Amino acid sequence: MKPPVQPIEARSVPDLVTEELRRSIVSGDLAPGETFSLRKIAAMLDVSFIPVREALRNLEAEGLVITEPGRSARVAPLYLEDLQGIYRLRRGLEPELAARSCAVIADAELDRLQAVAAGFGDPHHTIQTVYDTHHDFHAALLAPAATAWDLRVLHSLWRAAERYIRIGFSKTEPDPRVNPERRHVHETIVDVFRRRDPGAVAAAVLDHLNRNERTALRALSDDPYVGERREASDVREARPAGR
């Protein structure tokens with residue numbers, strides 16, 4: 001008789017290709033606007049054409065890639081108006097969720113997150129090595145008050161913001177000099193949560209978002225890869241299929 005729960009299989013090739021291409025894009029190894037052929041990427045990753053095509057569909061849904069006619073794709077350009085739009089949406093979600101979460105999040109979870117925040121100060125960390133942990137930190141703070149849809153939308157926004165933040169902070173606050181400040185900022189957020197004051201928590205999260213947006217905008221305002229406004233062609237290409 002077949003057991004009700006099956007052993008977990010190894011990650012699929014398309015998932016691995018998606019992860020590697022995403023890493024290359026958000027780190028800037030594949031530059032904004034850069035065009036590449038699917039065949040070239042398949043050869044570089046030593047995989048067939050099919051998983052690359054599937055991976056690009058995943059990345060297009062995340063707004064990281066624009067597929068071109070034929071068998072080529074382009075890394076999505078960066079636009080300051082997109083960065084501002086991402087943070088406008090985050091400001092509408094995160095402070096309110098944090099204000100509700102601080103009343104119900106467990107003390108033990110705050111203790112755990114305090115230790116995570118302390119780890120951000122490790123001088124061996126770079127923004128690349130800390131980023132997944134950083135996402136998990138903020139998700140854990142909001143999770144007690146968040147629905148599955150809240151978290152789904154937030155993860156999408158965090159991933160969309162990642163390229164801007166990583167490029168911006170690498171210019172203005174390079175690792176490891178920024179690590180003590182990164183530790184202090186996140187430990188402060190946990191401390192405010194411990195006070196169980198919804199207004200203070202919302203204000204702290206809002207201040208954190210505003211600071212990150214200002215830093216990225218300041219750093220990227222003169223970056224040659226970043227445009228101020230989308231071109232009409234990019235607006236059309238960015239629309240989901242069927243709309």
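Axes are lines fitted to C-alpha atoms, for helices over the stretch in contact, and angles between them run from 0 to 180 degrees between N-to-C directions. The exercises below apply this to a predicted model.

**Exercise 1. Helix 6 and helix 8**

Determine how helix 6 and helix 8 are oriented to each other, and which residues form their contact.

Solution. 
Step 1. The two helices pack at an angle of about 10°, and their axes lie 13 Å apart.
Step 2. Angles under 35 degrees count as roughly parallel. Helix 6 and helix 8 are therefore roughly parallel to each other.
Step 3. On the side of helix 6, the contact is made by Ile 127, Val 130, His 134, Phe 137, His 138 and Leu 141. Helix 8 contributes Arg 182, His 186, Ile 189, Val 190 and Phe 193.
Step 4. Sorted by class, the contact of helix 6 with helix 8 comprises seven nonpolar, three polar and one charged residues.

**Exercise 2. Helix 5 and helix 8**

Solution. 
Step 1. Helix 5 spans residues 107–119, and its axis comes within 8 Å of that of helix 8, with a crossing angle of roughly 170°.
Step 2. An angle over 145 degrees counts as roughly antiparallel.
Step 3. From helix 5, the residues in contact are Asp 107, Leu 110, Asp 111, Leu 113, Gln 114, Ala 117 and Ala 118. They meet Arg 183, His 186, Glu 187, Val 190, Asp 191, Phe 193 and Arg 194 in helix 8.

**Exercise 3. Helix 2 and helix 3**

Describe the packing of helix 2 against helix 3.

Solution. 
Step 1. Helix 2 covers residues 38–45 and helix 3 covers residues 49–61; their axes are 9 Å apart, at an angle of about 115°.
Step 2. The range from 65 to 115 degrees counts as roughly perpendicular. Helix 2 and helix 3 are therefore roughly perpendicular to each other.
Step 3. Helix 2 passes helix 3 in a crossing that is right-handed.
Step 4. Leu 38, Arg 39, Ile 41 and Ala 42 of helix 2 meet Phe 49, Val 52, Arg 53 and Leu 56 of helix 3.
Step 5. The residues of this contact divide into six nonpolar, no polar and two charged.

**Exercise 4. The cavities**

State how many cavities of 30 Å³ or more the structure holds, and characterise the lining of each.

Solution. 
Step 1. There are two such cavities.
Step 2. The largest cavity has a volume of about 290 Å³. It is lined by 20 residues, of which His 134, Ile 165, His 186, His 208 and Asn 212 are the closest to its centre.
Step 3. Two or more lining residues come from each of helix 4 (80–101), helix 6, helix 7, helix 8 (179–194) and helix 9 (198–220). Helix 6 provides the largest share, six residues.
Step 4. The lining of the largest cavity divides into nine nonpolar, six polar and five charged residues.
Step 5. The second largest cavity contains about 70 Å³ of space. Its lining consists of Glu 94, His 138, Leu 141, Leu 142, Ile 189, Phe 193, Val 205 and His 208.
Step 6. Helix 6, helix 8 and helix 9 each supply at least two residues of that lining, and helix 6 gives the most, with three residues.
Step 7. By class, the lining of the second largest cavity has five nonpolar, two polar and one charged residues.

**Exercise 5. The second largest pocket**

Identify the elements and the residue classes that line the second largest pocket.

Solution. 
Step 1. The second largest pocket has a volume of about 370 Å³.
Step 2. Among its 14 lining residues, Glu 19, Arg 22, Arg 23, Asp 132 and Glu 162 are the closest to its centre.
Step 3. Helix 1 (13–27), helix 6 (127–142) and helix 7 (148–172) are the elements that give two or more residues to this lining.
Step 4. The classes are two nonpolar, three polar and nine charged residues.

Conventions. Residues numbered from 1 in each chain as written. Predicted model: local features only at pLDDT ≥ 70, side-chain atom pairs only at ≥ 80, totals over all residues. Heavy atoms only, no water. Helix = DSSP H or I, 4+ residues; strand = E, 2+ residues; numbered from the N terminus. Left-handed = near helix turned anticlockwise from the far one by under 90°. Contact = heavy atoms within 4.5 Å. Nonpolar A, V, L, I, M, F, W, Y, C, P; charged D, E, K, R; others polar. 1 Å grid on protein atoms, 1.4 Å probe; cavity = no way out; pocket = protein on both sides within 12 Å on 5 of 7 lines; lining within 4 Å. Points joined across faces, edges and corners; volume = space filled by probe spheres on them.
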